[in-house]
Amino acid sequence: MTSDLVDHTPPEDRAGVIIPWTSPAERPDRERLSETAGLVEALGCNLAFLRAEQVRKPSASHLLSGGILERLAADVEAEGCTLCVVDAALSPVQQRNLEKSLNCKVIDRTGLILEIFGLRARTKEGKLQVELARLSYERSRLVRTWTHLERQRGGGGFLSGPGETQLEADRRMLDRQLDSLKSDLEEVKRTRSLQRSGRRNAGFPVIALVGYTNAGKSTLFNRLTGANVFARDMPFATLDPTIRRFDLPGMGDAALVDTVGFISDLPTHLIDSFRATLEETLEADLLIHVRDRSSAFDEDRKAEVLKVLSRLQKETGNALPPIIEAWNKVDLLPWDIQDTLRMSARSGLAETPAVVTSALTGDGVDELLDLIAHSIREELETYRVQLEPKDGAARAWLHEHGSVLDETFLPDGTVELLVGLSAKYGGQFEGAFGTIPLLPASEPEF
């Protein structure tokens, strides 16, 4: 008896993508087209076509109208598309009407990013955050979208009124789910706070990587820590925050945090949903802004990242940690431009301290580690300490918990140290070795 092998793998979705624009200032450039194509690839779809269309008079019912809509419908059918992405904000009515006209699923930019987030979430926290963002998005779209939402359900009892609409019932159900998710995320937030306290009590400097999506953060994270975090040349390759220890030259152990990438036009409720994760950046001792210097739109992307950080700072009331920059992906640039960037970074003329790096090849990583250590030391108080030969335990403690900048051995066996200590460790040293004075470096020497 012969048996036929049946392939049960579902066929991949084919996506047609359109980017509508109304004024010349909104016309998408090559970088926006490439970014949108990358988002579709990150969703695991085959890109059937991608084009920008000028919409002179946006339609309230479809956004697109006339010949644009007819041409889009013809292309969707001809290419066998199962998905149409409109890289803009669609109202619920527009989305529903487009689905009827195109006879396929339609999502807007927010829906596309949410779909990717749903695929990338791996941890319980990540899944909670994605679900919160999805429900917030859905609730905002319960506005006369479907005809069944207008039907009323009768009330019970002799005081029953006209009853409630299905719309109200669905909205109340979503509100209950949102409240439950927010409660679960508050628990996550408390857990993260305890973990941060543990890291601080252990004395680890905490450094967080931030940057535009696909700038190479995860690749740099793997290079610095030896971890094996998923890293690919696509938007939102990493969604869940990852924390690893790594060795900081001259300072011992430190903690490095890899965070979700930012993107232009990131919807407000996505930022709100991922607040527990993004607050890791505000609690860090130092931020490394990873920038893709091979991109022609690097400055615009830098502005987007700083805009999100500024918003988080205002809403939480926390000051931003010091920031340094890793000018990444220089291996994609010609040698002369690489040399110009290195000269600019080393001259100190850059607005923010920076190092030229290639996370892929490892170029500039040692310089980046030196800049991290230097930046952390700048936040420390510098003290002079004189130790006698019997104070070996205090000397070992200072080497373990502080940054020893200079050490001089005198003929009588005493040792003079110039050491950087955080306020916490300064207090711990005085508590453990109270007979040994810590003199601020600004005071006269012994």
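User: Which residues lie nearest the centre of the largest pocket?

Analyst: In this predicted model, where local features need pLDDT of at least 70, side-chain atom pairs count only at pLDDT 80 or more and totals for chains, interfaces and linings use all residues, Glu26, Arg32, Arg109, Ser264 and Asp265 lie nearest the centre, among 27 lining residues. Residues are numbered from 1 along each chain as its sequence is written, and side-chain values use heavy atoms, with hydrogens and water left out.

User: What makes a set of grid points a pocket, and what makes a residue part of the lining?

Analyst: On a 1 Å grid over the protein atoms alone, a pocket is an open set of points where a 1.4 Å probe fits, with protein on both sides within 12 Å along at least five of seven lines, and lining residues have an atom within 4 Å of a point.

User: Which residues of H2 are called buried, and why are they said to line one face?

Analyst: Helix H2 (residues 66–78) is a DSSP run of H or I with at least four residues. Buried means under 20% relative accessible area and exposed over 50%, with a 1.4 Å probe and protein chains only; Ile68, Leu69, Leu72 and Val76 are the buried residues. Their directions from the helix axis to the C-beta atoms fall within an arc of 95 degrees, so they line one face of H2. On the other side, Glu70, Glu77 and Ala78 are exposed.

Technical notes. Helix = DSSP H or I, 4+ residues; strand = E, 2+ residues; numbered from the N terminus. Expected span 1.5 Å × (residues − 1).
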